[in-house]
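Come and look along with me.

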Amino acid sequence: MEKPIVKEFGLKNKTELWRSASLLRKYTSQAKRLIASRGEQAAVEKKQLVDKLSSLGIIDSSASLDDVLGLTINDFLSRRLQTIVFKRNLSRTIDQSRQFITHRHIKVGNKTITAPSYLVPLSAEQGVSFVETTSLAKADHPERAVKEVKEVPDPENAEE
């Protein structure tokens, strides 16, 4: 079960997967405890938990604690900087996105982040880009070249 997830998200080893699983367990156990709790303090903590997870883009801001219990490890792994760099087409492969991050080519907002496991807040997702001083910032850099898709002629509109 772990190997396909490690490959899909380009994790260095299973330890990174286990850390994300630990984070998931932390939030689900907190949600279970808060569901059973009553009182003013419990209501404040429920709101804080939902706000924290919604700021990370893991759940909607209108979500309930039951939605927190329905989270999976993929929800957390998809918010990693490494995954977002790949999904935004800043790299060709998920492994290359990891390399770009560790080699200080990627920034989030104004900060250069070197940890591929950094959970990108929803508000900062649009600020993920190349550092201006790196050669990768140029659109004509060979590693940024996107393979062109050859157009296949439509047989219905083909001239005879």
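I began with strand E1 (residues 106-108), which pairs with E2 in the antiparallel sense over two bridges. Strands here are DSSP E runs of at least two residues, and helices are H or I runs of at least four, numbered from the N terminus; two strands pair if DSSP finds at least two bridges between them. Val 108 stands opposite Lys 111 in E2.

A word on the source: this is a predicted model, where local features need pLDDT of at least 70 and side-chain atom pairs count only at pLDDT 80 or more, while totals for chains, interfaces and linings use all residues. Residues are numbered from 1 along each chain as its sequence is written, and side-chain values use heavy atoms, with hydrogens and water left out.

Next I checked the whole sheet. It is open, with three strands in the order E2-E1-E3 and antiparallel pairing. Strand E2 (111-112) and strand E3 (128-130) are the edges, each pairing on one side only.

Then I turned to H2. I noted 23 residues and a reach of 33 Å from first C-alpha to last, close to the 33 Å expected at 1.5 Å a residue (the expected span is 1.5 Å times one less than the number of residues). Its buried residues (under 20% relative accessible area, 1.4 Å probe, protein chains only) include Leu 17, Ala 21, Leu 24 and Tyr 27. The buried residues of H2 pack against helices including H1 (2-8), H3 (40-55) and H7 (94-102), with contact meaning heavy atoms within 4.5 Å.

Terms used. Buried means under 20% relative accessible area, exposed over 50%, partly exposed in between (1.4 Å probe, protein chains only).
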